[in-house]
Amino acid sequence: MTTATDAAPHRRRVPAEDFRAVYATAPDGVWAAPGRVNLIGEHTDYNDGFVLPVALPHTTRAAVRRRDDGVLRLHSAQGDGAVTELRVDALTPGAVPGWARYPAGVVWALRDAGHPVGGADVHIDSEVPTGAGLSSSAALECALATAYDDLYALGLAPAALAVLAQRAENAFVGVPCGVMDQMAATCCAEGRALFLDTRDLTQRQVPLDVAAAGLRLLVLDTRVKHDLADGAYAGRRAGCERAAALLGVPALRDIAPAGLDAALRRLPDGELRSLVRHVVTEDARVQQVIALLDAGDLRGIGPVLTAGHASLRDDFRVSCPETDLAVRTAVAAGALGARMTGGGFGGSVLALVTEGDTERVGRAVSEAFAAAGHRAPRAFTAVPSAGARRLG
Ligand code: GLA
């Protein structure tokens, strides 16, 4: 394996000190929001369906000082050293380039929703891998949304902040994502998976003590960069919406598994049929995983995860050779189940493994990647962690 299977990522920098180095003053505080790995429920959130994400220990931290002159200054430890300076009242969708559009979009979305917010000096430092399907964008948005909620005394609930962060990504950044990642970043709890109904945002914290069951959640980052802004994600979403309209339902969530065959017969082409089959069976897999977790059968979810991957590969067609190889190899090396996680087209694979098999499964995937001429994957074990919070 190329990296250790660290439960907690290594922290090298102190955001408050770095803030002082950039802005020559102290921040009002430091807020953090995590990346996430989704256990099951992929491409269901924009179909009003079910998801089951877990927050990672990896976070994006925002050191922030409120300003009352309407100026927003943004700096990132992962950036090129430049400070982006914007006027809050001049923020316009599409007008801010690069990483700065995510935090700028949050401020825009808050104002657009009528919240009385102004400027800030912001220093960002993130250990959430980018482009790895682990929701680095949502972590960035939600760290800043949580900071603004505190600094401007907005009193918004975590779910309300998630919806505003999603709006920032949809309308300001221009990525038509669902609400799962932002809800995971704000609402997840330590030792729990978040069972979320994306139609009405009702949620249940489901205990997920992987270690107590002698298991590990092994995340394998294929290092194939995905880009949700490219047309493929938007195309899948548009296809789902077209199918729902043709079937006369508000969203594909409204097709029950028992009505799936009849629904498929009413659709004109094979592509739409495949999209619908994935979404309807994936919602059912989330319910199945919840039933298994409620019954204390953590090992039992393995085959459901692998079935989810087959559906994403064959029906929804958002996997890629690297994620398929990682899943196939992990399962052959003894993983109880494995699937790609996140939007797809690259990114990460999640494997459920017994503790003693963790190294072996990681090594098998590394060797298979080397043999196939792929870049070396990165691996770590995910420990269900807390959602957005103030650090200090
Ligand atoms: C991305 C999006 C989410 C969701 C997943 C697929 O992570 O941001 O809203 O649609 O893809 O499940």
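Reader: Which residues are closest to the ligand, and how many surround it?

Author: In this predicted model, a residue counts as a neighbour if one of its heavy atoms lies within 4 Å of the molecule. By that rule 13 residues surround the ligand, and the closest are Glu42, His43, Asp45, Asp181 and Tyr233.

Reader: How many residues of each class are in the shell around the ligand?

Author: The shell has 5 nonpolar, 4 polar and 4 charged residues.

Reader: What is 2.5 Å from an oxygen atom of the ligand?

Author: A polar contact is a pair of N or O atoms within 3.5 Å. At 2.5 Å from a ligand oxygen there is an N or O atom in the side chain of aspartate 45. The side chain of aspartate 181 likewise has an N or O atom 2.6 Å from an oxygen atom of the ligand. With glycine 178, a polar backbone atom takes part, 2.8 Å from a ligand oxygen.

Reader: How much of the ligand's accessible area does the protein cover?

Author: On its own, the ligand has 310 Å² of accessible area, and the protein covers 98% of that. The ligand takes up the space of the largest pocket.

Reader: Which domains does the shell draw on?

Author: The domain assignment gives domain 1 (15-208 + 386-390) and domain 2 (215-381). Each of them supplies at least three residues to the shell around the ligand.

Reader: How far apart are the C-alpha centres of the two domains?

Author: The centres of domain 1 and domain 2 lie 25 Å apart. The contact between them takes 35 residues from domain 1 and 46 residues from domain 2.

Note on methods: Residues numbered from 1 in each chain as written. Predicted model: local features only at pLDDT ≥ 70, side-chain atom pairs only at ≥ 80, totals over all residues. Heavy atoms only, no water. Polar contact = N/O pair within 3.5 Å; in protein donor to acceptor, adjacent residues only side chain to side chain. Areas by Shrake-Rupley, 256 points an atom, 1.4 Å probe, with all protein chains shown as cover. 1 Å grid on protein atoms, 1.4 Å probe; cavity = no way out; pocket = protein on both sides within 12 Å on 5 of 7 lines; lining within 4 Å. Sits in = over half its atoms within 2 Å of the grid points. Nonpolar A, V, L, I, M, F, W, Y, C, P; charged D, E, K, R; others polar. Domains from an automatic or database assignment. Contact = heavy atoms within 4.5 Å.
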